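Please keep the structure open beside them.

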Amino acid sequence: MKAFLISGPGGLSDLQIVERPMPTPRRHEVVLRMLAASINYRDLEICSGTFHTKFPLPLIPLSDGVGEVVAVGEDVRRVKVGDRVCTAYWARWVGGGIHMSEVGTQRGGPIDGSAAEFISIDEQACVHAPKHLTNLEAATLPCAAVTAYQALVPEGNLHAGDTVLVQGTGGVSIFALQFAVAAGAKVFVTSSSDEKLAKAKALGAAACINYRTTPDWSAPVLDLTDGKGVDQVIEVGGPTTFAQSLKAVRRGGWIHVVGYLGGNDGLINPLDIFRRQAKVRGSAVGSRETFEAMNRAMEVNLIHPAVDKVFPWTDLKAAFAHLQSGAHFGKIALHIAD
Ligand SMILES: NC(=O)c1ccc[n+]([C@@H]2O[C@H](COP(=O)([O-])OP(=O)(O)OC[C@H]3O[C@@H](n4cnc5c(N)ncnc54)[C@H](OP(=O)(O)O)[C@@H]3O)[C@@H](O)[C@H]2O)c1
């Protein structure tokens, strides 16, 4: 069977398809015939050798995927042959808070990921895919969607009538938009592109702001909330957006620090957080419990992920180039098998 392997520290030139032995399940493992996968910014960084943490190599990349169970170990109870399951980002974070996750069990680095025709995986890391989703849609859920849901619901305690600001129109932010709209919240979206903002509007955004033409975007957000600010911010820009997020959040509101697309150096004056009494938290995706709760919400509300473009999985490098271009809206998926 074939798999992508990062074989050395040389970046994308060390990412190649190789022949690997067919996996067999140990007592608590299942073997998945992979149907689809999706890519995240973290995967691009890991494959390019620019991720902030270095993992032991060789490594099969990608945290996200969906597959059909084709073999089960003798003690497996949660899934059976024929089930369609997504891979959880954290192989051993079943439930509870982030302190219950085990560092070093993230799929696609440091443990092997989904870019393969067959993988073996602990049954605890299997999540049944929502029935209303195609394989390509289900493959987009493990990292970006769970991150958005974990932030808004278990952490942010989202209620109907709340206000949420999402930055940009990438995977995490578009899922956050869809979940918050389904929950009855009022959602504001920023983007560098008016065309993408029109798509966000069609998904239910209450107001759209172009952060290129309106760099001081917290001002219209305050106008739209009677000067109060929003209940929750999904923060993906890091140093280039955090100061604006602090101005745009209401007193005592949440800033979920998810990404650092604007770089990984910056200055924060803690007094600004104090003055806003903001609740600032670092995100680390979410548990299987969150993943399963999210899937129930998606099934009830018939939410479909926004899949921007699909590549054959063997064109992983072209998919990364598309992600890096920033042209996408929502998620980029990889077809592996039917
Ligand atoms: N900590 C976690 O749990 C976790 C989980 C998932 C992702 N992440 C991180 O979160 C970030 C977003 O992930 P993603 O998967 O949604 O990425 P993505 O799909 O690549 O989305 C990126 C989008 O963000 C917008 N953007 C880019 N630079 C920006 C900036 N400086 N300021 C504001 N917006 C900017 C752009 O939207 P427009 O084109 O509309 O302008 C861009 O298309 C990444 O840094 C990723 O590594 C963290």
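1. The shell around the ligand takes at least three residues from each of domain 1 (2-140 + 305-335) and domain 2 (145-282). These bounds come from an automatic or database domain assignment. This is a predicted model: local features need pLDDT of at least 70, side-chain atom pairs count only at pLDDT 80 or more, and totals for chains, interfaces and linings use all residues. Residues are numbered from 1 along each chain as its sequence is written.

2. Of the 32 residues around the ligand, Gly-168, Gly-170, Ser-191, Gly-237 and Gly-259 come nearest. A residue is near if its C-beta atom, placed from the backbone, lies within 6 Å. By class, the shell has twelve nonpolar, 18 polar and two charged residues. Ala, Val, Leu, Ile, Met, Phe, Trp, Tyr, Cys and Pro count as nonpolar; Asp, Glu, Lys and Arg as charged; the others, Gly among them, as polar.

3. Helices H1 (41-48), H3 (141-155) and H4 (171-182) each supply at least two shell residues. Helices are DSSP runs (H or I, at least four residues), numbered from the N terminus.

4. The axes of H3 and H4 come within 8 Å and cross at roughly 50°. Axes are lines fitted to C-alpha atoms over the stretch in contact, and angles run from 0 to 180 degrees between N-to-C directions. That makes H3 oblique to H4. Oblique is what remains after under 35 degrees (roughly parallel), over 145 (roughly antiparallel) and 65 to 115 (roughly perpendicular).

5. The C-alpha centres of domain 1 and domain 2 lie 28 Å apart. Their contact (C-beta atoms, placed from the backbone, within 7 Å) takes ten residues from domain 1 and nine from domain 2.

Note on methods. Contact = placed C-beta atoms within 7 Å.
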